[in-house]
Amino acid sequence: MATVSGGTTSERFGFIERYRELGVRVLCRWLEVSPSGYYAWKNRQFSQRHLDDQKLLELITKIYWQSQGIYGSPRVFKSLKSKGIRVSRKRVERLMKEAGLRGRLVRVTRRMPGIKRFKAAGSNLLLKLTAPTAIDQVWVADVTYLKVNGKWHYLATVMDQYSRRILGWSLSSTRNTELTGNALMYALKKRQYPKDIIFHTDRGIEYIGLDFQALLKKYKLKHSVNRPGCCTDNAFMESFFHSLKVELIRGNVFKCARKLRQSLSDYINSFYNSVRLHSGLDYMSPIEYEKCST
């Protein structure tokens, strides 16, 4: 809303009109315009362009709040385009700016409290391959840290690199091979146990451990690992964790693991996989992208 206070007089009057239930005089005082000026502006005959803008803003606002305030102008623009609405990206950006609608963007750092990275033999098989051209060619996996009532919990996830779809995940207060094994088993079951997939992870003990290695061997998965010190080798999972923390975790306090687990389920299944527009997928959701590729 701070952007509106620096806008033109017409933009300020438009803001007051949209939020007049808060009190016209209060808004006029805050935006440093006169109530008489607002009513004179309101009583003028609006141009067709202005009326069209208001109708378009209603659609933009609906899409924005359906994304829970996450989408910025690029994703709102693509969503409108997918609905057959012809509009320029700059116009969407302007209307969102005037209305104070801003996508969530927060700088996120990844904490690794007291955990030493386990070094082991292995190589990055992805370096010699081109990007996957279909599902179930390359899966990537990783573990991140989330707080529950002040204590760290661990989230393990498995993603299909081709579609960015999260296939399996597991949450636990303990970081071990059982955590990562559960996430892998969910993914295998969802995909009906495909064979010969390249399964890429970092060099953590939860992936290098004997129990997890036995799972990979049992289901005929080819293990690929990051080069030592190169976390960007698993950039797809890093990107997902960034989105998760910006769009779900930041600003929320989870008092128990059950609430966090339910929120993760809603975010991954109902939003990220099914609805969220991904710029790397031509602004489609992972499930939609998979359907268009079959």
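In which sense do strand 1 (residues 138-148) and strand 4 pair? The two strands pair in the parallel sense, over three bridges; two strands count as paired if DSSP finds at least two bridges between them. This is a predicted model, in which local features need pLDDT of at least 70, side-chain atom pairs count only at pLDDT 80 or more, and totals for chains, interfaces and linings use all residues. Residues are numbered from 1 along each chain as its sequence is written, and side-chain values use heavy atoms, with hydrogens and water left out.

**Overall architecture**

- The protein chain has 13 helices and five strands; helices (H or I, at least four residues) and strands (E, at least two) are DSSP runs, numbered from the N terminus.
- Its C-alpha atoms fill a box of roughly 75 × 45 × 30 Å, taken along the principal axes.
- Of the 294 residues in the protein chain, 45% are buried; buried means under 20% relative accessible area, exposed over 50%, and partly exposed in between (1.4 Å probe, protein chains only).
- Among contacts (heavy atoms within 4.5 Å) between residues at least 6 apart in sequence, 63% join residues at least 24 apart.

**Surface and charge**

- The protein chain exposes about 16300 Å², of which carbon and sulfur atoms supply 51%; accessible areas come from the Shrake-Rupley method with a 1.4 Å probe, and for residues only the protein chains shown count as cover.
- The chain carries 52 positive and 24 negative charges, whose mean positions are 3 Å apart.
- In this count Lys and Arg are positive and Asp and Glu negative, while His and the chain ends are not counted; the place of a charge is taken as NZ of Lys, CZ of Arg, CG of Asp or CD of Glu.

- Strand 1 has 10 of its 11 residues buried, so it is largely enclosed by the rest of the structure.
- Strand 1 is joined to strand 2 (residues 151-160) by 10 bridges, and these two strands run antiparallel; Val140 stands opposite Met159 in strand 2.
- Towards strand 4, the bridge partner of Trp139 is Phe199.
- In strand 4 (residues 198-201), Ile198 and His200 point one way and Phe199 and Thr201 the other way, and all are buried.
- In a regular strand the side chains alternate between the two faces of the sheet.
- Strand 4 is also joined to strand 5 (residues 222-225), running parallel, by four bridges, and His223 in strand 5 is the bridge partner of Phe199.

**Helix 6 (residues 73-82)**

- Ser73, Val76, Phe77, Ser79 and Leu80 are buried in helix 6.
- Seen down the helix axis, these buried residues fall within an arc of 165°, so they line one face of helix 6; the arc is that of the directions from the helix axis to the C-beta atoms.
- The buried residues of helix 6 pack against helix 5 (48-66) and helix 7 (89-99).
- On the other side of helix 6, Lys81 and Ser82 are exposed.

**Residues with positive phi**

- Asn149 is not a glycine, yet has a positive phi of about 55°; Asn149 is found in the loop between strand 1 and strand 2, a hairpin with two residues between the strands.
- Asn149 counts as exposed, at 52% relative accessibility.
- Gln192, likewise not a glycine, has a positive phi of about 60° and lies in the loop between helix 8 (177-190) and strand 4.
- Gln192 is exposed, with a relative accessible area of 69%.
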